[in-house]
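The sequence and structure are shown first, and the points are grouped by topic.

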Amino acid sequence: MALPKYDQIAGDLRGKMVRGELAPGQSLPSERELTERWNVSRSTVVKALDVLRQEGLVETRQGTGSTVKERTPLARTAGERYATSVATGNIYTAGEYAEIVSAEMVAAPQEVATGLGIEVGESVVRRHRVTFEGETPTATSYSWFTADVAEAAPRLLQRERVREGTTRYVEMQTRRRPHTGRDWWTSRLATDEELELLRLDGPAAVAEARHVAYDTEGRALTYEVGITPSGRWSRTEEYSMTS
């Protein structure tokens, strides 16, 4: 079932904010532009902008239109970062960067083995990073890759930023194109390590997102876990509640 037009418009604009195409303080397209671009009524566009205002992503002032709010608290999913990399060649938007905490070969624990479709204890690459916006840590994340992927993509074992993103880098090195992504989420209390990395005062809630990217043959390319502080918007869904 297709989403209603107003939610499609809101989702398109939200995606542009996440990818950095609409930066904080930047004006959104006018209601007239959006009406013409999407071939919808003005009321549909107004409803889409209302959704973004309710999420705290934009603000509207009479005479100046709608702008992206400063320091918009957005959490970017692995799939959105991959799309940014394909479009721009860089996984990070303006003001963003990552510090690589570790890049090493480890034995795959149960959840990683299940995600990658391998046996528990097999050797895998684990990359751990902290992502910043300016001086503020906004996420900490882990990425795991099988040994054969690591052999084809040796930069995975270097404690250096992969500016195009690890999934895009793996795609270019192995010629295995990401085809399908599977994400699932939970919320929980931060661990002591996460409190320190994200500079949070405990106890504090965090959101955890797990992601698997599959190639065209259904084989897992990467298994990732991202942890973000509470209060950052990551996704919005609308669905039918009728049978």
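Predicted model: local features only at pLDDT ≥ 70, side-chain atom pairs only at ≥ 80, totals over all residues.

R199 is placed in the loop between α8 and β7.

- R199 is not a glycine, yet its phi is positive, at about 55 degrees.
- With a relative accessible area of 55%, R199 is exposed, since the threshold for that class is over 50%.
- The peptide bond that leads from G202 to P203 is cis, and its omega is near -5 degrees.
- As background to both features, most residues other than glycine have a negative phi, and most peptide bonds are trans.

**Loop between α2 and α3**

- N39 lies in the loop that connects α2 (31–38) with α3 (42–54).
- Although N39 is not a glycine, its phi is positive, at about 55 degrees.
- The relative accessible area of N39 is 71%, and the residue is therefore classed as exposed, the cut-off being over 50%.

**Strand β3**

- S102 belongs to strand β3, which covers residues 96–107.
- S102 counts as buried because its relative accessibility is 16%, and the limit for burial is under 20%.
- Leaving aside residues up to four places away in sequence, S102 is in contact with R126, R127, H128 and R159.

Notes:
Residues numbered from 1 in each chain as written. Heavy atoms only, no water. Helix = DSSP H or I, 4+ residues; strand = E, 2+ residues; numbered from the N terminus. Buried < 20%, exposed > 50% of the residue type's maximum accessible area, 1.4 Å probe, protein only. Contact = heavy atoms within 4.5 Å.
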